[in-house]
Amino acid sequence: REATIRYSLVRVRENAESIAFFKGGPTEWNTFQLMFSDLMQALYDRAHCFVGFDMFNSLARCFAYAIPAFVLGGRAYLEMEFGQIAQVDFAFHSIFAALMLIASSVPDLSSMAVQICRLCTLHEVLQNEATGAST
């Protein structure tokens with residue numbers, strides 16, 4: 001979307017005389033406003049997703065300290081030896097840290113997936129052009 005807006009602005013700059021001569025300024029302005037509002041909505045949606053994801057990560061980290069106690073229950077703490085409680089707590093936090101490492105890399109993975117999709121689309125277009133040019 002950002003690239004579309006850049007392309008549109010470059011096109012307007014290159015064709016400024018024609019646009020002015022044919023009184024196309026209001027049309028170009030409306031087109032730009034539509035593209036810009038679409039871009040802003042996409043950015044707001046993306047920010048909303050990132051805020052929700054970060055809030056989930058923060059809450060999960062806070063609850064990580066209480067979950068072993070809830071899972072084991074009060075009676076289990078009384079019946080277990082001191083070393084066993086520490087082992088259960090350590091095991092839970094190790095698994096939780098591994099899951100948080102995976103969860104924290106989701107934005108990077110999604111960004112890489114978008115780049116791969118763009119490259120695949122470009123590759124397909126270039127393949128079609130090469131096939132069309134050779135025939």
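What follows is a short chat about reading features in this predicted model.

Me: Before we start, what should I know about the model and its numbering?
Reply: Residues are numbered from 1 along each chain as its sequence is written, and side-chain values use heavy atoms, leaving out hydrogens and water. This is a predicted model, so local features need pLDDT of at least 70 and side-chain atom pairs count only at pLDDT 80 or more, while totals for chains, interfaces and linings use all residues.

Me: Let's take helices. How does the span of H3 fit its 39 residues?
Reply: Helices here are DSSP runs (H or I, at least four residues), numbered from the N terminus. The expected span is 1.5 Å times one less than the number of residues. For H3, with 39 residues, that should give 57 Å, and its end C-alpha atoms are 56 Å apart, which agrees.

Me: Which residues of H3 are buried?
Reply: Buried means under 20% relative accessible area, exposed means over 50%, and partly exposed is in between (1.4 Å probe, protein chains only). In H3 the buried ones are Glu28, Leu39, Asn57 and Ala60.

Me: Why does Glu28 count as buried?
Reply: Because its relative accessible area is 19%. Contact means heavy atoms within 4.5 Å. Leaving aside neighbours within four places in sequence, Glu28 is in contact with Arg11, Val12 and Ile19.

Me: Now the aromatic rings. How many aromatic pairs are there, and how do I read one?
Reply: A pair of aromatic rings is described by the distance of the centres and the angle of the planes. Rings of Phe, Tyr and Trp (its six-membered ring) pair if their centres lie within 6.5 Å; planes under 30 degrees apart count as stacked, over 60 as edge-to-face and the rest as tilted. The structure holds 4 such pairs. Take Trp29 and Phe32: their ring centres are 5.8 Å apart and their planes sit at 35°, so this pair is tilted. They are 3 residues apart in H3, so about one helical turn separates them. Ring pairs also link Trp29, Phe32 and Phe36 into a cluster.

Me: And what about Phe92 and Phe96: how are their planes arranged?
Reply: That pair is stacked, with 6.2 Å centre to centre and 15° between the planes. Both residues lie in helix H5 (residues 82-104), 4 residues apart, about one turn of the helix. Phe92 is partly exposed at 23% relative accessible area, whereas Phe96 is buried at 16%.

Me: Which residues make the nonpolar surface patch?
Reply: Patches are made of residues with over 30% relative accessible area and no salt bridge; nonpolar side chains (Val, Leu, Ile, Met, Phe, Trp, Tyr) are joined within 5 Å, like charges within 9 Å. A salt bridge is a side-chain nitrogen of Lys or Arg within 4 Å of a carboxyl oxygen of Asp or Glu. Here Val51, Met55, Leu59, Phe63, Ile67 and Val71 make a patch of about 590 Å². H3 gives the most, with 4 residues, and both H3 and helix H4 (67-79) supply at least two. Leu59, for example, is partly exposed at 44% relative accessibility.

Me: Last one, the loops. Where is Lys23?
Reply: Lys23 is in the loop between helix H2 (16-21) and H3. Lys23 has a positive phi of about 55° although it is not a glycine, and at 69% relative accessibility it counts as exposed. Another loop residue, Met80, lies between H4 and H5 and is partly exposed at 24%.

Notes:
Accessible areas come from the Shrake-Rupley method with a 1.4 Å probe; for residues, only the protein chains shown count as cover.
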